[in-house]
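Colleague: I have a model open and want to learn how to read it. Can you take me through it feature by feature?

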Amino acid sequence: MNIGRILEALKGQFVGSQKYRKVVQFGFLTLVIWIGIEFSIFVRQLETDMPASARPPGVEAFLPISALISLKYWITAGIFNRIHPSALVILLIILSIGLLLKKGFCGWICPIGLLSEYLVGVNRFIFTKQISLNRWIDYLLMSFKYLLLLFFMWSIFIGMDANLLVLFIYSPYNRVADIKMLKFFSNMSQTTFIVLAALILLSVIVPYFWCRYLCPYGALLGAVSIFSPVKIHRNIDNCIDCRRCTRDCPSSIAVHDKKSIISTECHSCYQCVDSCPKKGTLSMSVLSKGGIISARIYALILAVIFLAGTLSARGLGLWQNGISVREYRFHIKHLDTPLYYHNRGKVPHYDPGRFDFTKPDKSSRY
Ligand code: SF4
Ligand code: SF4
């Protein structure tokens with residue numbers, strides 16, 4: 001147990017660039033918790049036939065597969081479906097962040113990223129020496145998240161034709177995918193519990209286990225981030241080769257060795273910038289010697305992208321979904337029937353007419 005390193009790490013959380021990052025991370029965590037509470041109340045009200053409050057559309061951030069399917073439907077059919085529109089809006093916002101600011105979503109916004117950082121703290125509390133995996137084992141494990149990403153991309157962009165897309169998007173399963181997601185965690189099965197516990201344990205033993213080896217969302221953002229104009233640049237003339245940047249990089253990137261960090265693993269955490277004793281040697285910037293983006297400006301750009309994206313979606317009517325409370329009440333009563341399941345994206349056949357809730361009274365149909 002290395003108390004000195006733990007104290008140093010805790011102190012480091014609130015100095016330099018890290019204080020801006022922590023404000024953004026905890027700000028988004030609060031938002032996620034708030035959305036989770038609001039959505040749980042909404043579902044409870046549906047289940048108990050109480051008057052329902054507003055459903056928070058932001059909950060659709062937790063439906064990335066549905067969002068990818070909507071993305072393909074939007075690209076191929078030109079239709080921005082109203083089943084989970086904010087899922088697609090949020091995916092587009094996150095992809096824009098990846099394209100402009102590298103993996104800023106992982107390093108500044110994602111609550112799992114934040115949790116992983118604190119699990120590293122637990123690691124330091126328990127172990128005096130961090131486990132570092134052999135380079136080839138590291139590469140091999142890292143390939144899993146890309147294989148998972150490939151599987152999802154292949155299944156959606158190659159495997160789903162126009163008919164399957166429509167069938168999935170308007171299926172009973174997809175209409176309540178948000179409620180199913182909530183139930184997945186609130187009525188956790190023993191298997192789910194064991195898997196989650198194992199992932200937490202592995203993330204304590206091997207820092208950032210989930211983010212580095214398994215998260216397909218991170219893999220997607222890593223691939224997109226290659227094209228980002230903004231990245232960490234090192235001024236070689238100033239560098240004294242002390243290697244503190246490399247020592248402190250949570251993504252194990254050999255920063256001291258590079259002129260620019262193109263790595264798909266860089267999540268824009270500014271840790272290397274903060275660690276460098278020769279100020280101005282490392283910078284997050286557009287050019288190698290100019291266009292510096294300080295952590296404060298980075299935080300501001302993230303907030304502007306998020307606000308601009310969500311407010312535009314609201315203005316265009318692409319934020320709230322088109323599922324009425326009446327329809328939700330119907331679905332929630334049948335949630336455990338086979339119609340509300342899917343097998344690798346293939347949903348059971350259903351009669352679309354049964355789910356047309358636009359007419360005043362259709363209760364007799366069920
Ligand atoms: S290179 Fe720098 S900004 Fe990127 S992950 Fe490593 S420490 Fe963070
Ligand atoms: S911490 Fe700064 S000075 Fe030291 S090796 Fe890295 S870039 Fe060079």
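The dialogue below goes from the whole chain to its parts.

Modeller: Start with the ground rules. This is a predicted model, where local features need pLDDT of at least 70, side-chain atom pairs count only at pLDDT 80 or more, and totals for chains, interfaces and linings use all residues. Residues are numbered from 1 along each chain as its sequence is written, while chains are lettered from A and ligands numbered from 1 in the order in which they are written.

Colleague: How many helices and strands are in the protein chain?

Modeller: Helices (H or I, at least four residues) and strands (E, at least two) are DSSP runs, numbered from the N terminus. Here the protein chain has 17 helices and three strands.

Colleague: What radius of gyration does the protein chain have?

Modeller: The radius is taken over C-alpha atoms, and the globule rule is 2.2 Å times the number of residues to the power 0.38. For 366 residues, a compact globule would come near 21 Å; the protein chain has 23 Å, which agrees. The C-alpha trace spans about 80 × 40 × 40 Å along its principal axes.

Colleague: Which domains does the assignment give?

Modeller: Domain bounds come from an automatic or database domain assignment. Domain 1 covers 3–228 + 297–334, and domain 2 covers 231–292. Their centres, taken over C-alpha atoms, are 27 Å apart.

Colleague: How many residues of each domain are in contact?

Modeller: Contact means that two C-beta atoms, placed from the backbone, lie within 7 Å. By that rule, 19 residues of domain 1 meet 13 residues of domain 2. On the domain 1 side, α2 (18–47), α5 (104–109) and α13 (216–225) each supply at least two residues. α5 gives the most, with four residues.

Colleague: What classes of residue make up that side of domain 1?

Modeller: Ala, Val, Leu, Ile, Met, Phe, Trp, Tyr, Cys and Pro count as nonpolar, Asp, Glu, Lys and Arg as charged, and the others, Gly among them, as polar. That side has eight nonpolar, eight polar and three charged residues.

Colleague: Is α13 mostly covered or mostly open?

Modeller: A residue is buried if 20 or more other C-beta atoms lie within 10 Å of its own, exposed if 12 or fewer, and partly exposed in between, with C-beta atoms placed from the backbone. α13 is mostly covered, with nine of its ten residues buried. Among the buried ones are Tyr-217, Leu-220 and Val-224. The cover includes α3 (64–77), α4 (85–101), α5, α7 (135–158) and α12 (209–214). Across the protein chain, 33% of the 366 residues count as buried.

Colleague: Now the strands. How do β1 and β2 run?

Modeller: Strands pair if DSSP finds at least two bridges between them. β1 (residues 231–234) and β2 (residues 282–287) run antiparallel, joined by four bridges. Lys-231 has Ser-285 as its bridge partner. Two bridges join β2 to β3 (residues 290–292), also antiparallel. Ser-285 stands opposite Ile-292 there. β2 and β3 form a hairpin with two residues between them.

Colleague: Last, the ligands. Which residues come nearest to each?

Modeller: A residue is near a molecule if its C-beta atom, placed from the backbone, lies within 6 Å of it. Ligand 1 has 14 residues around it, with Cys-249, Cys-266, Cys-269, Gln-271 and Cys-272 nearest. Its shell holds ten nonpolar, four polar and no charged residues. Ligand 2 has 15 residues around it, with Cys-239, Cys-242, Cys-245, His-256 and Cys-276 nearest. The ligand 2 shell has seven nonpolar, three polar and five charged residues.
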